[in-house]
Amino acid sequence: MEFTELTDYSIPAGTLTEWLPCAEEDAWRQDPRPASYIHEAHLRRSADPRSGEGRESWLGTAFEIAGPIDTEVFGRALQRWIDRHEPLRSQAMFTSKGNPASALIRRTAPPGKVAVRRVQHDPADSATIRTQLHLLFDDYTTPQLWPAYVFATLAHDSADPEEESGGSGAFTVFFGADHSIIDGYSIVLVAHEITALYEEERTGRPADLFPVGSYIDFGASERADVHDIDADHEAVRIWRETLRESGGAVPGFPLPIGRRTTGTTPQKRLSERWFDSEDATRFSERCRDADVGFFAGVLACFGQATTDLTGADRFRTVVPSHTRTGPMWAGSLGWFVGLRPIDLGLEGSPGFVTLAGRAAQELRRTRASARIPFDKVGELLGVPIRPRFLVSYMDVRFVPMAAQWPEANARALRSRSYTHDVYVWINRTPEGINVSARFPDNPEAAANVPEFLDRVRDLMRRLNTSGPWAPDLENHELPATGR
C-alpha cells in the first residue's frame, strides 16, 4: 500500500457523503485509565501554541468497495467497527479546557452508544470533492475534541445515466484520524476490517476478524511498567549517548535542508515505486547472503549514500519500532510506536557485507531504546526527543487483504506537515518497494533530499545487478542519479 497525501490520490467526480460519529452526553462514563505517554505528549504539544505543532496531524486511508453503496448497511458496518475499537469511543482531555499545563482525564462510551450521522453533499467534480475532504479531515481530526476521526464515502458518477446513483462499479471509502488514535500499521488494517464488516452486513458472509485489545489498556499497562525506571536504564543510556555524540540534539538529515520557514508552508513530498516484487525479493536474497535482514541492508545503503555525498564517517538517524508486544495488540488501533537511534559507523570504506553487518548490530544494540516511551526518556534526560530525520521500514505483505490493495485502489494517507524535518517511509508490499518522503519546501532541501534518496536507490539497484560492492566504493562506478 502506497503512503501518500490526499492531494495525490485519484478522486473521481461523484456524490460525497460524510459519516460523522456522535453520542448523547449521557452515554459517556468517567474512565480512570491514563493516556499513553505518546498520546499525552501529543495532546500537550498540539494544545500549546509555543510548540509550533498545532497543525494537522492525521493519518488516513482511501479504498474502494465493489458495487453501489448500500447506505444503511454501510452505516451498520461503521457502528460495528467503532464498537470493535475502544479508542474510537474514548477521549482524553484536560481538566482545564485547552490548558496543556492541567491534568488529563478520560471519558469513554460503552459499545453500542456511538451512532453515525450521515450528511450527503450535492454531486460535484473531483477538485471540489478533494477540497471538501481536506476540510473535513482537518476539522474533524483535532486531538483536543471527540471524535478525532471521521469517515466519508464517494459514490462515483455513473457513465450510464440509466444506472442508479453510484453506478455498479465501486464506491470509495475515506477515513481520517488524529495520530493519537492510529499509527502507520493501524491504517493498513482499516480497508480489510471495514470491507469485511460491510460484506458481512450485506451478505451474511462472516467477517472472521480476530479479537483485539484496547490501546487504552495498553497505555495504562505501559505507564505502570515504566513508572520506576531511572536515568540508569539501558534505554536512557542509549539516548544519552546518542545526544552526546550528535552535539546535544536528535540527529538531523546528513545534507543541508535550508532554514526553517514560518510554518505556513506545507512540506514537499515525493512517493515512488523503487522495486517490483521480483527486485524486492532479489534485494532480500542479497541481504540474506550477507547474513542480515532487509532493513539492515537498506540502512547500509543509506550509510554508503551518506559517505558518498558528504564524506562523513557516521550515518545517524532515528527509526520507529512497533510496540505491539503480544497477539492481543496485533490488530488494535493505536499509536504503538517506539523510537530507536541509529549510529552507523562508515569508517574504513567498508563494503556492503561489512556495512550491513554493522547496521544489523546497531539495530540489535538499540532494541531496548524502543521499548521505553521516548517521552519518558525525554523527561529523564530533560531533553525533548523529537525526530528530525526519521527512516521508517514496514513489511506489510502479509496484512489481511494486502494482495487486493491494487484492485481496491487502496492508499494510506497522511496530512500535510509544516515541520522542519525529513521523514522517509520504506514499505514492502506484495507489489514491491514503495518509498515516500516529506521535507521542507525550500530550494536546498528540494535539491538535497531527492539527490540523497536517488543515491540510496541506485545503491540498492547496484546490489541487485552486480552483487555486494567491495570496499572503496568510490573506485566502482555507479549509474548516474536521476529522477
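Which elements cover the buried residues of α2? They include β2 (14–22), β7 (115–120), β8 (149–156), β9 (170–178) and α4 (184–203), and the views below begin with this helix. The model is predicted, with local features requiring pLDDT of at least 70 and side-chain atom pairs counted only at pLDDT 80 or more, whereas totals for chains, interfaces and linings use all residues. Residues are numbered from 1 along each chain as its sequence is written, and side-chain values use heavy atoms, with hydrogens and water left out.

View A. Helices (H or I, at least four residues) and strands (E, at least two) are DSSP runs, numbered from the N terminus. Helix α2 covers residues 71–84, and because 14 residues at 1.5 Å a residue should span 20 Å, the 20 Å between its end C-alpha atoms agrees with expectation; the expected span is 1.5 Å times one less than the number of residues. V73, F74, G75, A77, L78, W81 and I82 are buried in α2, where buried means under 20% relative accessible area, exposed over 50% and partly exposed in between (1.4 Å probe, protein chains only).

View B. Three cavities of 30 Å³ or more are found in a search of the whole structure, a cavity being a set of points on a 1 Å grid over the protein atoms alone where a 1.4 Å probe fits but cannot get out, with lining residues having an atom within 4 Å of a point. Grid points are joined across faces, edges and corners, and a volume is the space filled by probe spheres set on the points. The largest cavity has a volume of about 190 Å³, and of the 19 residues that line it, H39, P87, S90, S180 and I181 are the closest to its centre. Two or more lining residues come from each of α1 (37–47), β5 (90–94) and α5 (215–226). By class, this lining has twelve nonpolar, six polar and one charged residues, with Ala, Val, Leu, Ile, Met, Phe, Trp, Tyr, Cys and Pro counted as nonpolar, Asp, Glu, Lys and Arg as charged, and the others, Gly among them, as polar.

**View C. The second largest cavity.** This cavity has a volume of about 90 Å³, and E222, T323, V337, G338 and P373 are the closest to its centre of the 16 residues that line it. At least two lining residues are supplied by each of α1, α5, β12 (337–345) and α10 (374–381), and α5 gives the most, with three residues.

**View D. The largest nonpolar core and I426.** A nonpolar core is a set of buried Ala, Val, Leu, Ile, Met, Phe, Trp, Tyr and Cys residues joined through side-chain atoms within 4.5 Å. The largest has 50 residues, and those with the most contacts inside it are F283, F302, V424, I426, F452 and L453; helix α8 (residues 294–310) provides its largest share, nine residues. Neighbours within four places in sequence left aside, I426 is in contact (heavy atoms within 4.5 Å) with V298, F302, V391, S392, Y393, M394, I433, N434 and V435.

**View E. Backbone details in two loops.** The peptide bond from W146 to P147 is cis, with omega near -5°, and P147 is placed in the loop between α3 (126–140) and β8. In the loop between β13 (389–395) and β14 (411–414) is M401, which has a positive phi of about 80° although it is not a glycine; M401 counts as buried because its relative accessibility is 16%.

Conventions
1 Å grid on protein atoms, 1.4 Å probe; cavity = no way out; pocket = protein on both sides within 12 Å on 5 of 7 lines; lining within 4 Å.
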